[in-house]
Amino acid sequence: MKTSWRSASLVASAVAVLALTTACGQEATSSTGSQNVGATAAAGDYSTAGTGTGTSLGSTGSGNGYGSDSSAQGAAQAAAAGKLSVSANSELGKVVTDSAGMTLYRFDQDTAEPPKSNCDGDCASTWPPVPADDATAGAGIDKALLGEVTRTDGSKQLTIGGWPAYRYAKDVTAGDVNGQNVGGKWFALAPDGKKAKLTSLPGLSTRKDPNLGEIVVDKNGMTVYRFLKDTAWPDPISACTGACLEKWPAVGPVANNDTKDVQKKGLMSFTRPDGVKQQTINCWPIYTFSGDKAAGETNGQGVGGTWYAVAPDGKPVGAPKQ
């Protein structure tokens with residue numbers, strides 16, 4: 001009798017699991033393209049439950065304006081640039097790198113005509129100026145665009161197209177572009193001295209955030225978030241409605257073949273009560289944040305203790321364990 005009861009129990013459990021899996025996967029075939037739905041609102045209190053400050057990478061509303069804080073990392077070594085190269089970045093296109101492969105940046109508060117650096121003190125610790133000595137133009141870089149500017153301490157800084165060039169202290173390996181859009185003022189240098197800009201991205205993909213690790217972004221490079229009050233099983237249910245959607249726009253359906261490095265299991269859309277379809281990752285509804293004004297920002301991280309960036313497997317990055 002015990003064996004019979006145990007077998008029946010196992011069968012019942014298997015049926016229950018199958019039912020949950022089927023319910024979540026009912027709309028596994030998403031429509032093509034991607035879009036964000038819901039209006040946007042001005043930055044302010046973006047939490048539907050309590051308040052929070054979140055983590056701000058590239059935020060224009062907090063910090064000291066150059067991507068550092070009271071625990072800023074020390075200045076990187078002011079190594080000679082050597083032969084400059086043009087590197088292809090999957091998100092930014094062509095960017096200028098030094099002989100060690102480190103990305104070079106420009107600062108919006110500087111000027112190119114005439115060249116002038118406005119990054120000194122702590123700013124120069126986070127964004128070490130690139131010495132002009134020994135800098136030469138490699139393939140793809142017009143040597144006529146290379147120049148120098150005298151800094152307040154008398155040192156000579158490399159300029160490209162008139163713009164003073166910097167490295168970023170949080171770039172630790174060749175090819176890192178963690179400084180892109182920090183504070184809304186720092187940008188990787190393109191070979192012509194202009195700002196490197198985002199190239200076309202898939203509907204959903206991932207990027208390496210210097211503070212959060214690998215996180216999901218939408219086709220515009222905007223950070224994607226999860227709401228801890230939502231439900232995934234047996235069916236996706238969004239607890240963000242009304243005014244909440246104005247601050248946290250729902251991500252629209254994305255075709256499975258329009259994603260890169262995002263978990264395919266549970267990658268589906270569902271229909272909200274208002275008839276709008278919303279994308280999920282691992283069956284969890286996903287959103288963007290109206291407080292993020294530019295690609296690379298993570299101002300929604302930790303807001304209200306309920307909103308968190310999404311990992312490639314759909315888990316909330318940095319959320320407290322339940």
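Two residues are in contact when they have heavy atoms within 4.5 Å of each other. In the chain described here, 71% of the contacts between residues at least 6 apart in sequence join residues at least 24 apart. The model is a predicted one, in which local features need pLDDT of at least 70 and side-chain atom pairs count only at pLDDT 80 or more, while totals for chains, interfaces and linings use all residues. Residues are numbered from 1 along each chain as its sequence is written, and side-chain values use heavy atoms, with hydrogens and water left out.

The chain has 322 residues, of which 47% count as buried; buried means under 20% relative accessible area, exposed over 50%, and partly exposed in between (1.4 Å probe, protein chains only). The accessible surface comes to about 15100 Å², with 54% of it belonging to carbon and sulfur atoms. Such areas come from the Shrake-Rupley method with a 1.4 Å probe, and for residues only the protein chains shown count as cover. Three helices and 19 strands are found in the chain. Helices (H or I, at least four residues) and strands (E, at least two) are DSSP runs, numbered from the N terminus.

A nonpolar core is a set of buried Ala, Val, Leu, Ile, Met, Phe, Trp, Tyr and Cys residues joined through side-chain atoms within 4.5 Å. The largest such core holds 14 residues, and L84, V96, L104, L158, I160 and L189 touch the most other members. Apart from this core lies another, of 13 residues, including C119, C123, W186 and A188. In soluble globular proteins, nonpolar side chains tend to be buried together. When neighbours within four places in sequence are left aside, the contacts of L84 are V96, T97, D98, L104, T136, A137, G138, I141, L146, L158 and I160.

Three strands form an open sheet in the order β8-β9-β10, with antiparallel pairing. The edges are taken by β8 (146–150) and β10; each has a single partner strand, so one side of each is left without a neighbour in the sheet. Strands pair if DSSP finds at least two bridges between them. Between β8 and β9 (residues 156–160), which run antiparallel, there are five bridges.

The loop between β10 (163–164) and β11 (186–188) contains D176. This residue is buried, with a relative accessible area of 11%. Beyond its neighbours within four places in sequence, D176 is in contact with T103, Y105 and D171. D176 and M102 are 74 residues apart in sequence, and their C-alpha atoms are 7.0 Å apart in space. The side chains of D176 and T173 make a polar contact at 3.1 Å. A polar contact is a pair of N or O atoms within 3.5 Å; within protein, one must be able to donate a hydrogen and the other to accept it, and residues adjacent in sequence count only if both atoms are side-chain atoms.

Two disulfides (pairs of cysteine sulfur atoms within 2.5 Å) are found in a search of the whole structure. One joins C119 to C123, with an S to S distance of 2.0 Å, and is left-handed, with -110° about the S-S bond. C119 is buried at 0% relative accessible area, and C123 is also counted as buried, at 6%. In the disulfide of C240 and C244 the sulfur atoms are 1.9 Å apart. The link of C240 and C244 is left-handed, with -110° about the S-S bond, and both C240 and C244 are buried.
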